[in-house]
Structures are given as structure tokens and as C-alpha cells.
Amino acid sequence: MNGTRKSDGCTVPEKPANKSCGAPQLAERVEGKRPTEGNSGQQNRCLTQSRENLQSELDRIRQAARKDAKQQFTSLWHHVYNKDRLQLAYMHLNRTGAAGVDRMTWKEYGENLEENLEDLSGRLARGAYRAKPVRRTYIPKADGRLRPIGVLILEDKIVQRTTTEVLNAIYEQDFKGFSYGFRPGRSQHNALDALYVGITQRKVNWVLDADIRGFFDAIDHEWMVRFIEHRIGDRRVINHAKKWLKAGVLEDGKVHYEQEGTPQGGNISPLMANIYLHHAFDLWINSWRKGAKGEVIVIRYADDFIIGFQYKWEAERCLKELRERLARFNLELHPEKTRLMEFGRFAAKDRKARKEGKPETFSFLGFTHACGQDRNGYFKIVRFPITKRQQRKLKALKIDLRKRMHEPLSKVGQWLKSVLNGYYQYFAVPGTSAAMGAFRYHLAHLWFRTLRRRSQRNRLNWKRMARIIDHWLPKPHIVHPLPRRRLRVTTRGRSPVR
């Protein structure tokens, strides 16, 4: 039996209960007694110690994964059913998120949080936990179609979030640097910076803009499990991954069990997607470009990726072999969203010499990218928000303004201020000042027209409206630094694309 010692009112284990396989040894955590109710000082100290213990456990897993890239982790599940980790996962969930098939909300679950988590931890420990079907809903996509979204029950959200946190400690040591989607500490703007720097600083003359058709619905379950087994030897983790893959989807009152795909909206789905593409695409393209004659850059965000080439013939060969590679894993490039185009510092000059017009543009992560020149005549990439998406955004805001027509001016102004700041926060990258100003101008006119419709005797003129606009709508300002500057900090001298 393990001994314990008292520290600051908490019972703290002297040594771990048992050790897992692997190097270094990963120890199970022993839970101590909870402090006396009402003593907030002791509770805060215990909570801090608990979080530090949880973090140190993940640090040991990271060190082991980093030390041996081929090590299989055979004892991980006890980290998942750890009650403290489950509680932290619960606290980080969206408190207003939609409820799953059991209709349990975040607030309702928290009314008896201690008992609920104790029960959940026990079921996970003894293998009695069962994943529930996912409630399917739809949201409109950019092309007018509907994107299926899976809504999990609250307990599945908690367990998946905890499992993702533990597995991320391993897979973050394996994933390639050019993968940016759904990874801790990485964002769309990191991917955009890498793309900008890669094209402007490397010998890129051709760009492959690729998209995988229906990726989340096409994931092969058998391949998914085999990919996980490369790193994970704990059968309890693998069995629960199978449960989530085969949990079924509730739609129109009927449960459908899919043979492939993973529901978008699940906490673990993005990690599974990255694991799948790591083996199906990342490892392959990383090996392929090492044997290329010219320079090759890669930037991937989820199932959207850009590959830059120095030579056209290598780009065509890569595209052909890529289709064959993806087909092996039940994946297919979208024929309408996948294009190979001439793009880079010499594209405009070469196409003009051949009388072929301006270089094509491509879209990536909400921005249209075009070839341009700075004031000194040097090549630069011109970036601006995709026009169709901007128009859809303004159309949606017009509808919302009509709904808020008779609300107080200050309330609507505060709402529009938050909308505009959110728009700047994503799209206000260097070089988009004009686009930001245009969006603010159109939004101001929509508000002006809405206010004039409040009454047939409305005497609001543009001079007065201009004062309202200046007061409530923040002026355009660039939020993000230059790509090279931010990338130099985040990569610390390492290549962002290779």
C-alpha cells in the first residue's frame, strides 16, 4: 500500500500506485482526500496542486513520445478517467452549447457535478461507459450546401475532450510542422503566414490548391484504427475510439450506423482527422518532396492544403501520384476545388510574355491570394477577404439589423461594434486596409437605411449619421503583424514550411 503525507490540508500520495510500460515510466496518479468544505484557502491550494500534477503527467508523456518516435503507449486510460481531469474538461466546455440526444445541458449536469463525475469516472474505469448516438444538425456552407454537424451528449464531450488532451501530448511530437489545423498553439493565421513567407521567400512558380472531397464523411474506420494503433497500445483507448466512430447518428428520429466517416462537431474528431491525414498525406508528401529536383513547400489546414512547386512537371507528377495515394485510403480530391496554377514572383511576367493574361488567384482560409507588386515594383502577395463570403456576411447583417430595427440605438451600436471588431480580428492582416474600410462603409450604410425605416417621418440625415458611425463603428486598423515578423517569433528560426 502506498504511504501518504499531509501538506497544506491535503492528503498527497508519497509515490504513485503503479507504473506503466514504456520509457520513461509513466506513473498512475493516486487521488488524495478532498479538503474540508468551507476552507477556501485549502481548496485553492489543492486545486493548484492537482492541476500541476495533471500537467506534469502530460509532460512525462510528451518526453517519452519525443524520446522514442516508435514507442507504443500501453497505459494511458487511467489519465482519461482521472476525476480531476474530467472536471477540468467539463469546466472548459461551451456552457451554452447545444444538448445531445439526452437533452442534458451544461448547467443541469453541474448541479450534481461531484456525483456525476464520480459515476462517470467509475464507469470509464470498469469499462461500463457507452458512447451515445450523435444528434445531427445542419449549418449552411459557403457554396450554399448544408454541412452536417454532430451534437454529442455532455458526457461524451467531457470524455472526448479529456482523451484528446492526453493523446495530443503524444501526437504533437509526431505531427509535421506544415500541419496547422486544430492543433494547440496554432491557428489559421499561422498557416497564412507560412504560406505567404513560403511563396515569397522560396522558389515557387506553381501552386496546387487542393481540397479533399467530403473528408470527414470519407474517413475509413478500419484505416483510422490501424493508424491509431501505430502509437497507442492501450486497448481501452482503442476500443473507445471505435465506440465513437460507430456510435451512430440520430436523424429524423432514427439512428443510422455509418460504416465510414467521423461526425464534425465531436471534440475528438479534429484529432482523428489529423491522425488520418498525418499517415495518409503528411508522411507521404514529406518523403516525396525530399526526392524532388526543385523546391517544394507544403501548408495544410485540416483537409485544405496548398503545395508550391518550382517546376511545373514536378507539380503535375505530384498531382497524379497524390490522387493515387489518397485513393488508397478512400479519399478523393475535389475536382472543382483542386487546381494547379502558375503563381509566384515570375508568373505575371511569364504569362504576359506568352500573352496569357494575369495569373490566376486562389482562396485559402477565407482569403483570396493574388500576385501583385509593392511600391518598389517587387513581387508581393495581395490578400483580401473572399468577395462572395463578404457579401454573404453583409446580407446576414442586413437581416439581423431589420430584426433589431426598433431596439435602442446604443444597444444596436454596441452589437455592431463587436461584430466589426470580430471581423477585423480575423481579416485585418497587412495590406487589407482598403478592404476593411469598404466593409465598414457598407455596414454603416445598411445601418443608416435601417434607421431611416423606423418611421415614415424620420429626419435622420447623413451628417448626423456620420457622427453615430464615428461613435460606434471602430475605424479600420491592422490587427496582425507582417507574416515574416510573426513567423520568425513563432518558429524561432525553424522552417515554417519544410
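Student: Is R449 buried, partly exposed or exposed?

Tutor: R449 is partly exposed, with a relative accessible area of 46%. Buried means under 20% relative accessible area, exposed over 50%, and partly exposed in between, with a 1.4 Å probe and protein chains only. Before we go on, this is a predicted model, where local features need pLDDT of at least 70, side-chain atom pairs count only at pLDDT 80 or more, and totals for chains, interfaces and linings use all residues. Residues are numbered from 1 along each chain as its sequence is written, and side-chain values use heavy atoms, with hydrogens and water left out.

Student: Ok. Where is R449 found?

Tutor: In helix α16, residues 433-452. Helices (H or I, at least four residues) and strands (E, at least two) are DSSP runs, numbered from the N terminus.

Student: Which residues gather in the patch of positive charge?

Tutor: K395, K398, R402, R449 and R453 make up that surface patch. Patch residues have over 30% relative accessible area and no salt bridge; like charges are joined within 9 Å, and nonpolar side chains (Val, Leu, Ile, Met, Phe, Trp, Tyr) within 5 Å. Accessible areas come from the Shrake-Rupley method with a 1.4 Å probe, and for residues only the protein chains shown count as cover. Lys and Arg count as positive and Asp and Glu as negative, while His and the chain ends are not counted. Each charge is placed at NZ of Lys, CZ of Arg, CG of Asp or CD of Glu.

Student: And which helix gives the most to it?

Tutor: Helix α14, residues 387-403, with 3 residues.

Student: New topic. How many salt bridges are there?

Tutor: The structure holds 25. A salt bridge is a side-chain nitrogen of Lys or Arg within 4 Å of a carboxyl oxygen of Asp or Glu. One of them joins R440 and D470, at 3.7 Å from N to O. That pair links distant parts of the chain, with R440 in helix α16 and D470 in helix α17 (residues 462-472), 30 residues apart.

Student: Is R440 buried or exposed?

Tutor: Buried, at a relative accessible area of 13%.

Student: Which residues are linked in a network of salt bridges?

Tutor: E342, R351, R354 and E356. Within it, the side chains of E342 and R351 meet at 3.7 Å, N to O. E342 counts as buried at 6% relative accessibility, and R351 counts as buried at 14%.

Student: Now strands. Why is β12 largely enclosed by the rest of the structure?

Tutor: Because 5 of the 7 residues of β12 (residues 367-373) are buried.

Student: What does β12 pair with?

Tutor: Strand β11 (residues 362-364) is joined to β12 by 3 bridges, and the two run antiparallel. β12 also pairs with strand β13 (residues 379-385), in the antiparallel sense over 7 bridges. Two strands count as paired if DSSP finds at least two bridges between them.

Student: Which residues are bridge partners there?

Tutor: S363 has T368 in β12 as its partner, and H369 has R383 in β13.

Student: What about the hairpin of β12 and β13?

Tutor: That hairpin has 5 residues between the strands, and G377 takes a positive phi near 90°. In the hairpin of β11 and β12, with 2 residues between the strands, L365 takes a positive phi near 55°.

Student: Last one. How do β3 and β6 run?

Tutor: Parallel: 2 bridges join β3 (residues 134-140) to β6 (residues 249-251). β3 also pairs with β4 (residues 146-151) in the antiparallel sense over 6 bridges.
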